[in-house]
Number of protein chains: 2
Amino acid sequence: MRTAESAVETIQREMTVFARRARASAGRMHPELSLVSYTLLGHLEESGGCRATDLAAHYALDKSTVSRQVAALERAGLIERRPDPEDQRVQVLQLTEAGQEILAQVTRRRRAAFRERLAEWPEDDLVRFAAYLERYNAGAEGIGAD
Amino acid sequence: MRTAESAVETIQREMTVFARRARASAGRMHPELSLVSYTLLGHLEESGGCRATDLAAHYALDKSTVSRQVAALERAGLIERRPDPEDQRVQVLQLTEAGQEILAQVTRRRRAAFRERLAEWPEDDLVRFAAYLERYNAGAEGIGAD
DNA sequence: GCATTCCGGTTGCAGAGTACAACTCGCGAC
DNA sequence: GTCGCGAGTTGTACTCTGCAACCGGAATGC
């Protein structure tokens with residue numbers, strides 16, 4: 001299985017390169033929203049509001065980290081915390097209008113960048129690549145990426 | 001081009017998921033070698049020795065960052081710098097014995113994790129997936145990952 | 001041959017992201 | 001009520017990172 005071996009090597013290496021680059025360049029492309037903030041906002045939108053603890057669990061982050069991120073996002077007016085009537089310890093986090101707007105805007109820009117980068121690719125390859133990535137990430141659920 | 005459109009969407013989303021996860025779990029899997037160090041060592045092995053500037057270019061890092069990482073790796077005895085006889089400004093970086101060993105060891109562990117994750121994949125798919133990733137990252141050379 | 005500019009690398013500085021530990025406050029079980 | 005647990009905050013420390021200023025060698029101009 002020589003070929004499969006080296007393909008696994010390559011996948012591993014290239015995924016890592018990508019991850020490193022993503023981190024390095026995230027701040028440059030959307031100065032107003034780091035990769036972390038972006039994904040947190042994204043999760044809030046997707047979930048329609050959740051607790052800080054949920055975010056921490058979902059992204060395998062320490063709760064203190066989330067706490068600070070959330071504080072920053074609130075300071076920036078992108079999210080708001082509202083007390084949970086059922087449990088006074090809990091803060092339900094939700095996107096503000098501004099948060100939704102910024103998120104949509106960054107999403108648009110990211111999408112444009114991706115599309116441009118993939119412009120030359122034949123459709124068949126795009127479809128297959130997308131399928132591979134989905135499959136890969138589905139297998140990685142909760143394991144961590146490297 | 002409906003299909004290509006949505007494939008691009010998927011690629012974007014899945015790559016982001018991956019990047020986020022990589023970040024979250026980076027430090028946890030190989031305590032003795034950070035993700036950064038690991039990738040730098042990997043590149044040194046693969047290239048058979050190169051300059052700090054090459055590393056910076058390949059990973060879209062600032063040269064100062066690489067400089068510090070390299071210093072740390074040298075302090076740890078994992079790499080050595082030797083002057084380039086052709087150009088006295090240049091330091092050719094190379095793995096030491098110890099560096100090769102550590103790298104091999106970490107690679108084994110990572111590979112086991114990856115292989116497990118990719119175990120069900122037919123060889124053809126592995127090879128194609130690897131090729132797509134390489135192609136994607138090649139196109140991103142210096143642009144940034146998102 | 002000298003000056004200017006370019007390039008590889010280092011260092012000082014600042015900022016983001018992160019974890020861990022210690023803490024507060026509210027909830028629930030006993 | 002008391003005790004333990006869970007949500008969240010804060011203090012501290014560390015790593016990774018970029019930018020800017022710098023040094024010294026190389027290349028190019030004249």
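1. The surface near DNA strand D draws on both chains: α1 (2–29), α3 (52–59), α4 (63–75) and β2 (87–95) of chain A, together with α4 (63–75) and β2 (87–95) of chain B, each supply at least two of its residues. Helices (H or I, at least four residues) and strands (E, at least two) are DSSP runs, numbered from the N terminus.

2. The model is predicted: local features need pLDDT of at least 70 and side-chain atom pairs count only at pLDDT 80 or more, while totals for chains, interfaces and linings use all residues. Residues are numbered from 1 along each chain as its sequence is written, chains are lettered from A and ligands numbered from 1 in the order in which they are written, and side-chain values use heavy atoms, with hydrogens and water left out.

3. DNA strand D is surrounded by 25 residues, of which T53(A), K63(A), S67(A), R68(A) and R81(A) are the closest; a residue is near a strand if one of its heavy atoms lies within 4 Å of it. Of the atoms of DNA strand D that come within 4 Å of the protein, 57% belong to sugar and phosphate. The residues of this surface comprise five nonpolar, nine polar and 11 charged, where Ala, Val, Leu, Ile, Met, Phe, Trp, Tyr, Cys and Pro count as nonpolar, Asp, Glu, Lys and Arg as charged, and the others, Gly among them, as polar.

4. For Q91(A), a backbone N or O atom lies 3.2 Å from a phosphate oxygen of DNA strand D.

5. In chain B, the axes of helix α2 (residues 35–47) and helix α5 (residues 97–117) come within 10 Å and cross at roughly 110°. This angle makes α2(B) roughly perpendicular to α5(B), the term for angles of 65 to 115 degrees. L35(B), Y38(B), L41(B), G42(B) and E45(B) of α2(B) meet G99(B), L103(B), V106(B), T107(B) and R110(B) of α5(B), contact meaning heavy atoms within 4.5 Å. These residues divide into five nonpolar, three polar and two charged.

6. Helix α2(B) also packs with helix α3 (residues 52–59) of chain B, at an angle of about 115° and with the axes 11 Å apart. T39(B), L40(B) and H43(B) of α2(B) make this contact with L55(B), H58(B) and Y59(B) of α3(B). Its residues are three nonpolar, three polar and no charged.

7. Helices α3(B) and α4(B) pack at about 120°, with their axes 9 Å apart. They are therefore oblique to each other. In this contact, A52(B), L55(B) and A56(B) of α3(B) meet K63(B), V66(B) and V70(B) of α4(B), giving five nonpolar, no polar and one charged residues.

Terms used
Axes fitted to C-alpha atoms, helices over the stretch in contact; angles between N-to-C directions. Parallel < 35°, antiparallel > 145°, perpendicular 65-115°, else oblique. Polar contact = N/O pair within 3.5 Å; in protein donor to acceptor, adjacent residues only side chain to side chain.
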